[in-house]
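Here is a short report for a reader new to this structure. Look at the sequence and model first, then read on.

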Amino acid sequence: MAKITASVYTSHVPAIGAAMDLGKTHEDYWKPLFAGYDFSKQWMKDNKPDVIFLVYNDHATAFSLDMIPTFAIGTAAQFTPADEGWGPRPVPMVQGHPELASHIAQSVIQQDFDLTIVNKMDVDHGLTVPLSLMCGEHDPVKSAWPCPVIPFAVNVVQYPVPSGQRCFNLGQAIRKAIESYDEDIKVQIWGTGGMSHQLQGARAGLINREWDNAWLDQLINDPLACANRPHMDYVREAGSEGIELVMWLIARGAMSDIQDGKVTGPAPKLAHRFYHVPASNTAVGHAILENA
Ligand code: DHB
Ligand code: FE
C-alpha cells in the first residue's frame with residue numbers, strides 16, 4: 001500500500017522564484033535565505049518520494065472571483081507553470097498523477113469533504129516556488145521535477161476561508177485515502193504558504209517573528225491545540241496573508257501520530273527547521289517532519 005513518509009512545510013514568496021530564475025541567489029540579501037534550504041535539497045535527494053501531494057494556494061491565477069473552490073484537487077496528467085504577469089517561470093512542466101489523485105478524490109469525498117475536481121489548471125508561485133526551494137535550480141529544457149506532483153489548492157485568498165480545524169481534519173482524511181491506495185509507493189505531503197505577512201492596507205509589511213516561532217513549535221509538538229486556533233488569530237497576529245498557514249495543518253494532520261482527532265502514535269522526527277526574515281514582504285518558515 002502507499003504510505004506517507006514525510007511532510008514538508010515552506011513559505012512560497014514569488015520573489016524567491018525570481019531570485020533563482022535570475023541568478024541572484026548568491027547576493028547578500030538572498031544568501032541567508034537559500035542557506036536554510038541547503039539541508040533540504042540534499043534531504044530531497046536522499047529521500048526521493050514517488051509522488052508529492054502539494055497543498056498550496058492559487059493567487060487569482062487559475063481561479064478568480066468568478067469561481068472560488070475551497071478545496072480543489074488537480075487530477076490532470078500535466079500542469080503548466082502560470083504566467084503571473086512577467087511570463088511563465090522557466091521551470092519544468094509539473095507532471096501529475098491522475099490515478100492516485102482520482103483515488104484520493106474518491107476516498108476523501110466519501111469521507112464527507114467536498115472537493116472540487118480540476119482536470120485543467122495552471123499552477124502559480126504557490127506551487128512552483130516550494131518545488132524550486134526543495135529541488136534546486138533547473139534547466140527547464142533538459143530537466144524535470146524529481147517526481148509527479150498532485151496539486152491541492154486551498155482558498156485562503158477570498159473570505160470565507162476554511163478553518164485550521166477543518167484543514168487538520170482534511171489532512172487525516174487524505175492520509176486514509178493515500179494509505180488505501182493499492183501500490184507500494186512513497187508519498188510526501190507538503191503544506192506551503194505563510195508565515196506572517198500582510199501585503200495590503202494599513203498594516204502592510206507586518207511580520208511577527210515571536211508569534212511565527214511559537215506557532216511552529218505548536219504545529220510540531222501540539223498539533224491538536226494548533227488546529228484549534230480560530231482563523232482570526234492568524235489574521236490578527238500573522239497579518240491578512242498569514243492565513244496561508246492553515247494549509248500547513250493539512251500536512252500536519254496527515255502525519256502518522258494523529259488518528260481520529262487524537263494523538264495515537266509516536267511524534268514524527270523533526271529533520272530540519274528554519275526561519276528567516278525578510279524575504280520580500282514575508283517571514284519565511286520551513287520544517288521537515290519524518291514519520292516515525
Ligand atoms: C509576497 C508573498 C506572498 O505570499 C505572495 O503570494 C505574494 C507576494 C511577498 O512577500 O511579496
Ligand atoms: Fe501567497
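## Ligand 1 and its contacts

His 197 places a polar side-chain atom 2.8 Å from an oxygen atom of ligand 1. Such a polar contact is a pair of N or O atoms within 3.5 Å; within protein, one must be able to donate a hydrogen and the other to accept it, and residues adjacent in sequence count only if both atoms are side-chain atoms. The table lists contacts of this kind.

| Side chain | Distance to an oxygen atom of ligand 1 |
|---|---|
| His 59 | 2.7 Å |
| His 197 | 2.8 Å |
| Glu 244 | 3.5 Å |

The protein covers 89% of the 290 Å² of accessible area that ligand 1 has on its own (Shrake-Rupley method, 1.4 Å probe; for residues, only the protein chains shown count as cover).

This is a predicted model, where local features need pLDDT of at least 70 and side-chain atom pairs count only at pLDDT 80 or more, while totals for chains, interfaces and linings use all residues. Residues are numbered from 1 along each chain as its sequence is written, chains are lettered from A and ligands numbered from 1 in the order written, and side-chain values use heavy atoms, without hydrogens and water.

The residues around ligand 1 include Val 13, Pro 14, His 125, Leu 199, Ser 280, Asn 281 and Thr 282. A residue is near if one of its heavy atoms lies within 4 Å.

## The iron ion

What coordinates the iron ion (ligand 2)? His 12 (NE2), His 59 (NE2) and Glu 244 (OE) do, at 2.1 to 2.2 Å. Donors are N, O and S atoms within 2.8 Å of the metal (3.2 Å for Na, K and Ca); water is not among the atoms, so sites may look incomplete. The donor spacing in sequence is H-x46-H-x184-E. His 59 sits in the loop between strand S2 (51–56) and strand S3 (71–74), and Glu 244 in the loop between helix H9 (231–238) and helix H10 (246–253), 185 residues apart. Helices (H or I, at least four residues) and strands (E, at least two) are DSSP runs, numbered from the N terminus.

## Backbone details

The peptide bond from Gly 194 to Met 195 is cis, with omega near -10°. Met 195 lies in the loop between strand S8 (186–192) and helix H7 (209–221). Val 277 and Pro 278 are also joined by a cis peptide bond, with omega about 0°. Pro 278 belongs to strand S11 (residues 269–279).
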